[in-house]
Amino acid sequence: MTDISSYMRVADAFQDEGFAPKPDYARGDSDVRRAVTQHYLEAVDWTDPAHVGRACRAFERLLAELAPGTAELRRFHDSLRRDGCTVDPATGWITPPADPTPLRSLAALVDASGIQEQLDRIQRTIIDDPALAIGSAKELIESTAKAVLTECGRHVNDKDDLPALARAAQETLGLHPSSCSPGPDGSDAVRKILGAVTTIAIGLGELRNRGYGTGHGAAGPRVGLHPRHAHLAVNAAVTWCQLLLDTLADPDAPWHKTP
């Protein structure tokens, strides 16, 4: 960007998106354009999706001067795609990645490190390595099930396979279709949904075991595996994990009242 834009254009692009240069950033660069750009980049909170979206709009504006197909633009767009962004080849519009792992209840866990490890791996691999993302989605459910059982003081059998772990965790929280709970949790509608949720763990285990996910050596190339399959597996795993973690953290959930 600094090769093609004046420092005033850089400032305008970021200011129009609501960014102010970070005043306490040490310049350390004799090139004014690079220094000004870095002042604004330092003002972006890269952990905030809203900030990232606004920064991407500034990037779009500054990169619009590059002719489509140039090596510099192609490298930059490839980098964005590896980080999960979508780049429209016709317009150059950049769509930041939706967080594929929106687990909100991790803070309530005594130890969320096993879950966080899988989330981090999924974030890095969901575009470039679908097989690893699928394997990590299966392990995400395993880690979540073990965390739930541990938090509830239940024994964790490391020899249990994924369906057994998932069932034990769901039964502990009263989330298995066979559970009898008062209120909406015990309604036929919720029990049908829980039946579908139960099959997520089974399906992910089968998908991984058939060679489409890491964890078992593949007999040959994983033909036909694409990022959309990784998104399917990850989104399904997140749905399962979110349900269990939210129920674990809910002080009014029926499982708290079960002796």
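Helix α3 covers residues 49–63, and at 1.5 Å a residue its 15 residues should span 21 Å; the end C-alpha atoms are 21 Å apart, so the two values agree. The expected span is 1.5 Å times one less than the number of residues. Helices (H or I, at least four residues) and strands (E, at least two) are DSSP runs, numbered from the N terminus. This is a predicted model, in which local features need pLDDT of at least 70, side-chain atom pairs count only at pLDDT 80 or more, and totals for chains, interfaces and linings use all residues. Residues are numbered from 1 along each chain as its sequence is written, and side-chain values use heavy atoms, with hydrogens and water left out.

- Helix α3 is largely enclosed by the rest of the structure, because eleven of its 15 residues are buried. Buried means under 20% relative accessible area, exposed over 50%, and partly exposed in between (1.4 Å probe, protein chains only).
- The buried residues of α3 include His51, Arg54, Cys56, Phe59 and Leu63.
- Packed against the buried residues of α3 are α1 (7–15), α2 (32–41), α4 (71–82) and β2 (94–95), where contact means heavy atoms within 4.5 Å.

**Aromatic rings**

- The count of aromatic pairs is four. Rings of Phe, Tyr and Trp (its six-membered ring) pair if their centres lie within 6.5 Å; planes under 30 degrees apart count as stacked, over 60 as edge-to-face and the rest as tilted.
- Phe14 and Phe19 form an edge-to-face pair, because their ring centres are 6.0 Å apart and their planes stand at 65 degrees. Both residues are buried.
- Phe59 and Phe76 also pair edge-to-face, at 5.9 Å centre to centre and 85 degrees between the planes. This pair links distant parts of the chain, with Phe59 in helix α3 and Phe76 in helix α4, 17 residues apart.
- Phe59 is buried at a relative accessible area of 8%, whereas Phe76 is partly exposed at 27%.
- One aromatic cluster is formed by Phe14, Phe19, Tyr40, Phe59 and Phe76.
- Arg54 lies over the face of Phe19, at 4.3 Å from the ring centre. A charge sits over a ring if NZ of Lys or CZ of Arg is within 6 Å of the ring centre and within 35 degrees of the ring normal.

**Cysteines**

- The count of disulfides (pairs of cysteine sulfur atoms within 2.5 Å) is zero.
- For Cys85, the nearest cysteine sulfur is that of Cys56, 4.9 Å away. Cys85 counts as buried at 10% relative accessibility.
- For Cys241, the nearest cysteine sulfur is that of Cys152, 15 Å away. Cys241 counts as buried at 0% relative accessibility.
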